[in-house]
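Please read the following walk-through alongside the sequence and the coordinates.

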Amino acid sequence: MSKLRIGNNIRKLRFEHHEMTQEQLAEKAEVSRQTIVAIEKGNYAPSLELAFRIALVFNVPLEAAFFVENENQNN
Amino acid sequence: MSYQEKQAIVAIISHIVGSITYFYYRFQGIDLIGSLDFQFWASTILFYILVLVVFRIIIYIIFSILNTIITRENEPGFTDEMDKLIDMRATLNFYHVFIVGFFLSLGTQAFNWPPSAMFIGFMLSMVIGGMVAEFSTFNFYRKGLV
């Protein structure tokens with residue numbers, strides 16, 4: 001089974017929410033800023049719970065915050 | 001560089017310095033190959049763990065104070081899911097190295113090597129395994145977990 005690469009729109013969502021800083025998002029999602037940096041860069045795929053928490057901070061559905069990248073290449 | 005990355009570098013340095021210092025003083029004037037004193041080997045391994053833990057706590061306290069003074073950055077007050085996952089993966093890497101070293105150390109006895117070779121093997125497994133774990137932690141924070 002090939003591994004799915006998870007992309008995200010966190011940078012865009014932060015921009016749309018009054019230029020929310022990574023520190024502010026980290027506080028609201030109850031993780032460290034380092035974790036938010038890693039997720040934004042695509043270096044860490046968050047757990048389902050954290051993904052939902054981030055989506056809830058921006059008040060958007062999960063798929064607006066996270067998506068599957070290069071799905072065709074991996075199949 | 002993030003606090004966690006700096007902390008991982010400090011852990012690597014403290015592991016290397018702590019191990020070298022401990023073994024240097026412990027093995028002074030000892031015939032390593034010929035020694036059949038099992039009490040010596042057992043206490044060497046047990047004290048190594050103890051010394052390393054104490055040494056690391058002291059180094060972490062010093063690092064934390066210096067880092068706060070220099071960067072005005074506070075230590076993260078909690079560990080989140082990424083920290084826990086990195087810790088688990090690094091510990092897993094330690095186990096892999098240690099298990100290989102453990103069986104190689106037992107293997108020395110199957111080939112009639114001196115008993116001290118087995119104990120040296122155990123200690124080397126711990127030292128190398130620990131270093132692999134620290135390097136893994138640094139690498140996971142640097143490059144991510146994907």
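The paragraphs below start with conventions and then turn to chain B and chain A.

This is a predicted model, in which local features need pLDDT of at least 70 and side-chain atom pairs count only at pLDDT 80 or more, while totals for chains, interfaces and linings use all residues. Residues are numbered from 1 along each chain as its sequence is written, chains are lettered from A and ligands numbered from 1 in the order in which they are written, and side-chain values use heavy atoms, with hydrogens and water left out.

Chain B contains four helices and zero strands, where helices (H or I, at least four residues) and strands (E, at least two) are DSSP runs numbered from the N terminus. Its elements therefore read α-α-α-α from the N terminus on. The C-alpha trace of chain B spans about 55 × 35 × 20 Å along its principal axes. Of the 146 residues in chain B, 39% are buried; buried means under 20% relative accessible area, exposed over 50%, and partly exposed in between, with a 1.4 Å probe and protein chains only. Among the contacts in chain B with a separation of 6 or more, 79% come from residues 24 or more positions apart, a contact being heavy atoms within 4.5 Å.

Helix 3 of chain B covers residues 81-110. This helix has 30 residues and reaches 44 Å from its first C-alpha to its last, close to the 44 Å expected at 1.5 Å a residue; the expected span is 1.5 Å times one less than the number of residues. At the start of the helix, a side-chain oxygen of D80(B) comes to within 3.2 Å of the backbone nitrogen of M82(B). The buried residues of helix 3 are M82(B), D83(B), I86(B), A90(B), G101(B), S105(B) and T108(B). An α-helix has 3.6 residues a turn, so residues three or four places apart point the same way. The buried residues pack against helix 3 (33-41) of chain A, and also against helix 1 (3-26) and helix 4 (115-143) of chain B.

Just after helix 3 of chain B comes N112(B), with a positive phi of about 60 degrees. N112(B) sits in the loop between helix 3 and helix 4 of chain B and is exposed, with a relative accessible area of 72%.

In helix 4 of chain B, E134(B) is buried at a relative accessible area of 11%. Its side chain is joined to that of R56(B) by a polar contact of 2.7 Å. A polar contact is a pair of N or O atoms within 3.5 Å; within protein, one must be able to donate a hydrogen and the other to accept it, and residues adjacent in sequence count only if both atoms are side-chain atoms. Leaving aside neighbours within four places in sequence, E134(B) also touches A8(B), A11(B), I12(B) and H15(B).

F27(B) belongs to the loop between helix 1 and helix 2 (38-71) of chain B and is buried, with a relative accessible area of 18%. Not counting residues up to four places away in sequence, F27(B) touches L32(B), F40(B), W41(B), T44(B) and M123(B).

In chain A, E19(A) lies in the loop between helix 1 (10-16) and helix 2. Phi of E19(A) is near 50 degrees, a positive value in a residue other than glycine.
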